[in-house]
Amino acid sequence: MPEISLNILDVAENSVRAEASLIEITVSVQPEEDTLTVIIKDDGCGMTPEQAASVQDPFFTTRTTRKVGLGVPFFKQAAESTGGSFRIDSEKGKGTTVKAVFGLSHIDRMPLGDISSTVQTLIVFNEHIDFRYTYEYGGKSFILDTREMREMLGEGISFSEPEITAFIKEYLETNKAETDGGAEI
Amino acid sequence: MKSLEELRAIREKMQGKVGVRAESEDQIRVVVGMATCGIASGARPVLTALSDAVQEQNLSEKISVTQTGCIGLCQYEPIVEVMVPGKEKVTYVKMTPEKALEVLRLHLLGGQVVSKYTLSAAQEQNA
């Protein structure tokens, strides 16, 4: 994966398949601590401790179309190769939390990439699921919560309406730029 | 900072024109593979290009763009499958946003399969 945001897209798709009703994604950039932390938390079907351990193995997957599952191993390796850390906490029937910490200034850290596009894709193409996305840079932050969006919009307006899709994109991009001052991450 | 309050205004503007779009049987279905293999080879910009173009050209009633998991042809990703009602499914491989827009113009709108990008063309080349 060339970008951290693509890892997020990929791993969040696992939460979609785990039939989550709420997926919380946090991206926190802390220049003072020299970290970039990604947390993906869902309330999906969860895993047993054995499964949670084995998803970190490339030769484990629940799918049948191919024999390897590289999503989680890619993400883990990307984080650990920057002097960071990676962990999965999961409970059967409760949900799963994936946390990856990257060394922000480490030479091997890939760029965050187009995170706004990733979040927009997740929201628009998985309308039956709620998302709460938090972006932090230093002490600043912003949140996009689809539950709040639905409250404003009322019934019957789909996120895939052009006006709404465009609003989501603009909201994410504008607020990200105001949060991190357009820093290259 | 942009506020969600703007959604209220959008809602007002949209009153009356919503709820008209239902999945219909004569809709063309376009499916983009978005598993690890697809995402790693560039499926996100392909999906975005297609769905943006469909929205911009007001084609949402005619064409539905959705995503799917791994199709099992990882070496050919990004893959775009086109299902036109009454016709056989066409599988486009190694897509880019540019190629996908060509498929939109020639196949989805023009009705002409873009043979050079199909799975069978790629398989013949490898044979």
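User: Where in chain A is the place of M110(A)?

Analyst: This is a predicted model, so take what follows as computed from predicted coordinates. A residue is placed by the elements on either side of it. M110(A) sits in the loop between β4 and α4 (115–125) of chain A.

User: Is M110(A) buried or exposed, or something in between?

Analyst: The way to read this is to count neighbours: a residue is called buried at 20 or more other C-beta atoms within 10 Å, and exposed at 12 or fewer. M110(A) has 16 such atoms within 10 Å, so it is partly exposed.

User: Which residues does M110(A) touch, leaving out those up to four places away in sequence?

Analyst: Look past the chain neighbours to see what the fold brings together. M110(A) touches P2(A), E3(A), I4(A) and A78(A). The C-alpha atoms of M110(A) and M1(A) are 8.7 Å apart, although the two residues are 109 apart in sequence.

User: How do I read the packing of α4(A) against α3(B), and at what angle do the axes cross?

Analyst: Take the approach of the axes, the angle, the hand and then the residues. The axes of α4(A) and α3(B) come within 11 Å and cross at roughly 65°, and the crossing is left-handed. From α4(A), S117(A), T118(A) and T121(A) meet R44(B), L47(B) and T48(B) of α3(B). By class, this contact has 1 nonpolar, 4 polar and 1 charged residue.

User: How many residues of chain B are in contact with chain A as a whole?

Analyst: Count each side separately. On the side of chain B there are 26 residues, in contact with 34 residues of chain A. The elements of chain B that give two or more residues to this side are α1 (6–14), α2 (36–40), α3 (43–56) and β2 (63–68). The largest share, 6 residues, comes from α1(B). The side of chain B divides into 13 nonpolar, 8 polar and 5 charged residues.

User: What is the layout of chain B itself?

Analyst: Start with the elements, then the dimensions, then the contacts. Chain B has 5 helices and 4 strands, which run α-β-α-α-β-β-β-α-α from the N terminus on. The C-alpha trace of chain B spans about 55 × 35 × 20 Å along its principal axes. Of its 127 residues, 32% count as buried. Among the contacts in chain B with a separation of 6 or more, 64% are between residues 24 or more positions apart.

User: Which way do the partners of β5(A) run: β1(A), parallel or antiparallel, and β6(A), parallel or antiparallel?

Analyst: Check each side of the strand in turn. β1(A) and β5(A) run parallel, joined by 8 bridges, with L22(A) opposite D130(A). Strand β5 (residues 130–137) of chain A pairs with β6(A) in the antiparallel sense over 6 bridges. There Y135(A) stands opposite F142(A), and Y137(A) has K140(A) as its bridge partner. β5(A) and β6(A) form a hairpin with 2 residues between them, and G138(A) in the turn has a positive phi of about 60°.

User: Which residues make up the covered face of β5(A)?

Analyst: Sort the strand's residues by face. The covered face of β5(A) has F131(A), Y133(A), Y135(A) and Y137(A), while D130(A), R132(A), T134(A) and E136(A) make up the uncovered one.

Conventions: Residues numbered from 1 in each chain as written. Chains lettered and ligands numbered in written order. Predicted model: local features only at pLDDT ≥ 70, side-chain atom pairs only at ≥ 80, totals over all residues. Contact = placed C-beta atoms within 7 Å. Nonpolar A, V, L, I, M, F, W, Y, C, P; charged D, E, K, R; others polar. Pairing = 2+ DSSP bridges. Axes fitted to C-alpha atoms, helices over the stretch in contact; angles between N-to-C directions. Left-handed = near helix turned anticlockwise from the far one by under 90°.
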